[in-house]
Amino acid sequence: MHSYTQTPSLLIQYEALFLQLLYVLNEPVIMDNGQGKAFCAGGDVVRVILSINEGHWSFGVSFYKKQLTLDYLLATSTKPLVSLITGIVMGGGAGLSMNSMFRVVTEDTVFAMPEAQIGLFPDVGAAYFLSRLPGFFGEYLGLTGARLDGNEMLACGLATHFVLSKDLLSLENALSELDSSDTSTISRVIKGFSSKISLKKDSVYRRLETINKCFSRGTVEEILSMLESDHEAANGDNKWIIQATSSMKSASPTSLKIFLKSIREGRRKELKDCLVQDYTIASHMFRSSFNSDFIEGSRAKLFERGKQPKWEPSKMELVSDEFVDQFFEEVDDADWECLQLPVIENLAITWESKL
């Protein structure tokens with residue numbers, strides 16, 4: 001088996017080359033972090049903001065369209081795709097790696113979807129892949145931006161294999177030496193390097209019963225209320241609840257409500273529909289159609305580092321359902337058009353090994 005290794009940020013820049021690897025050359029593809037500290041940690045958001053600030057909101061949308069299209073092509077490719085996920089994986093990196101047939105993590109992997117903290121929302125298909133996690137764990141991850149380690153990722157289904165970081169290079173070399181792109185052969189090789197996991201005693205995944213009780217509620221306000229009630233009855237086991245409520249209260253109220261609506265609808269949708277929905281919502285945010293939370297949050301958190309954004313509306317109760325619904329409607333602007341993703345044949349087959 002021949003392989004190609006590339007970093008996620010460059011995959012978007014060199015989309016044409018990557019598509020050639022997926023559809024023309026007889027080679028499977030390996031994605032890793034290029035020996036860096038992060039698989040991908042949100043550089044896509046910075047690029048979008050810079051595009052908007054330097055020109056026009058549609059510049060950011062143009063980049064985002066390429067990103068979502070690539071995510072979809074990865075998800076629907078029949079070529080074996082192996083993501084070696086070590087270090088931090090957030091934002092665009094999640095969209096790329098979660099669409100891989102094989103998602104290999106290590107003890108150094110850190111996963112999170114903290115977009116609501118900057119006035120965005122967990123996108124790149126998160127409404128699809130987070131809604132497929134056990135119970136309401138996806139709601140918990142998207143609303144709180146909580147971090148998971150590699151053990152937790154494997155336990156909940158975000159990863160398919162766990163390999164110790166010291167063995168990762170050997171695994172990559174073994175995969176590169178294969179002369180077959182047969183998925184069972186690739187799986188057997190990865191399993192040969194895999195290690196058993198052990199969840200920490202304080203792992204949030206061990207609190208799934210409480211998470212399901214709280215995050216199954218119908219509104220963000222009800223979820224917060226349930227968390228605060230459980231905090232009072234937690235008998236000392238409440239650190240994760242304190243962190244969850246604190247994170248939600250500091251995030252954009254609009255973003256939280258958009259994500260909850262998005263993931264609930266995502267449970268009934270296919271990936272393609274979720275990506276089209278993400279594009280529409282994000283376009284409104286880039287354009288500041290109804291508020292400027294994304295621009296404000298990015299300024300405070302990414303550019304000025306650590307400042308508290310001034311959200312508008314500022315309180316959860318001021319964000320009505322009607323206000324949220326506007327983000328799901330098509331953009332009424334001559335510079336915008338709906339995302340058109342390619343028609344892929346035999347789509348159901350390509351999703352067999354996904355989440």
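Reader: Where is Ser 288 found?
Author: Ser 288 is in the loop between H15 and H16. This is a predicted model, so read every value as computed.

Reader: What is phi of Ser 288 near?
Author: Phi of Ser 288 is near 55°. That is a positive value in a residue other than glycine.

Reader: Is Ser 288 buried, partly exposed or exposed?
Author: Ser 288 is partly exposed, because its relative accessible area is 28%. The cut-offs are under 20% for buried and over 50% for exposed.

Reader: Which other residue has a positive phi although it is not a glycine?
Author: Val 124 has one, at about 45°. Val 124 sits in the loop between strand S7 (110–112) and helix H6 (126–129). With 2% relative accessibility, Val 124 counts as buried.

Reader: Prolines next. Which peptide bond is cis?
Author: The bond from Glu 312 to Pro 313 is cis, with omega near 0°. Pro 313 lies in the loop between helix H16 (293–303) and helix H17 (321–325).

Reader: Switching to aromatics. How many aromatic pairs does a search of the whole structure find?
Author: The search finds ten. Take Tyr 64 and Phe 286: their ring centres are 5.5 Å apart and their planes are at 80°, so that pair is edge-to-face. Edge-to-face needs planes over 60 degrees apart.

Reader: Where do Tyr 64 and Phe 286 sit in the chain?
Author: Tyr 64 is in helix H4 (residues 57–76) and Phe 286 is in helix H15 (residues 271–287). The two are 222 residues apart, and the pair links distant parts of the chain.

Reader: Tyr 64 first. Buried or exposed?
Author: Tyr 64 counts as buried, at 3% relative accessibility. Phe 286 is buried too, with a relative accessible area of 4%.

Reader: What about the rings of Tyr 140 and Trp 240?
Author: Their centres are 6.0 Å apart and their planes are at 75°, so this pair is edge-to-face. Tyr 140 belongs to helix H7 (residues 137–144) and Trp 240 to helix H13 (residues 239–250), so the pair ties together parts 100 residues apart in sequence. Both Tyr 140 and Trp 240 are buried.

Reader: Which charged end sits over the ring of Trp 57?
Author: That of Arg 287, 5.9 Å from the ring centre. There is also Lys 261, which lies over the face of Phe 328, at 4.9 Å from the ring centre.

Reader: Which element gives the most to the lining of the largest pocket?
Author: H13 does, with five residues.

Reader: And how many cavities of 30 Å³ or more does the structure hold?
Author: One. The largest cavity has about 40 Å³ of space. Its lining includes Ser 252, Met 285, Asn 291 and Phe 294. The elements that give two or more residues to this lining are helix H14 (253–266) and H16.

Reader: On to strands. Which way do the residues of S6 point?
Author: In strand S6 (residues 102–105), Phe 102 and Val 104 point one way, while Arg 103 and Val 105 point the other way. All of them are buried. In a regular strand the side chains alternate between the two faces of the sheet.

Reader: How many bridges join strand S4 to S6?
Author: Four, and strand S4 (residues 81–85) runs parallel to S6. Val 104 in S6 is the bridge partner of Leu 84. S6 also pairs with strand S9 (residues 161–162) in the parallel sense, over two bridges. There, Val 105 stands opposite Phe 162.

Reader: Last one. Which residues in helix H9 are buried?
Author: In H9 (residues 168–177), Leu 168, Leu 171, Glu 172, Ala 174 and Leu 175 are buried. They are on the same side of H9, because they cover an arc of only 160° around the axis. The face turned away from that buried side carries the exposed residues Leu 169 and Glu 177.

Note on methods
Residues numbered from 1 in each chain as written. Predicted model: local features only at pLDDT ≥ 70, side-chain atom pairs only at ≥ 80, totals over all residues. Heavy atoms only, no water. Buried < 20%, exposed > 50% of the residue type's maximum accessible area, 1.4 Å probe, protein only. Arc of directions from axis to C-beta. Phe/Tyr/Trp six-rings, centres within 6.5 Å; stacked < 30°, edge-to-face > 60°. Lys NZ or Arg CZ within 6 Å of the ring centre and 35° of its normal. Pairing = 2+ DSSP bridges. 1 Å grid on protein atoms, 1.4 Å probe; cavity = no way out; pocket = protein on both sides within 12 Å on 5 of 7 lines; lining within 4 Å. Points joined across faces, edges and corners; volume = space filled by probe spheres on them.
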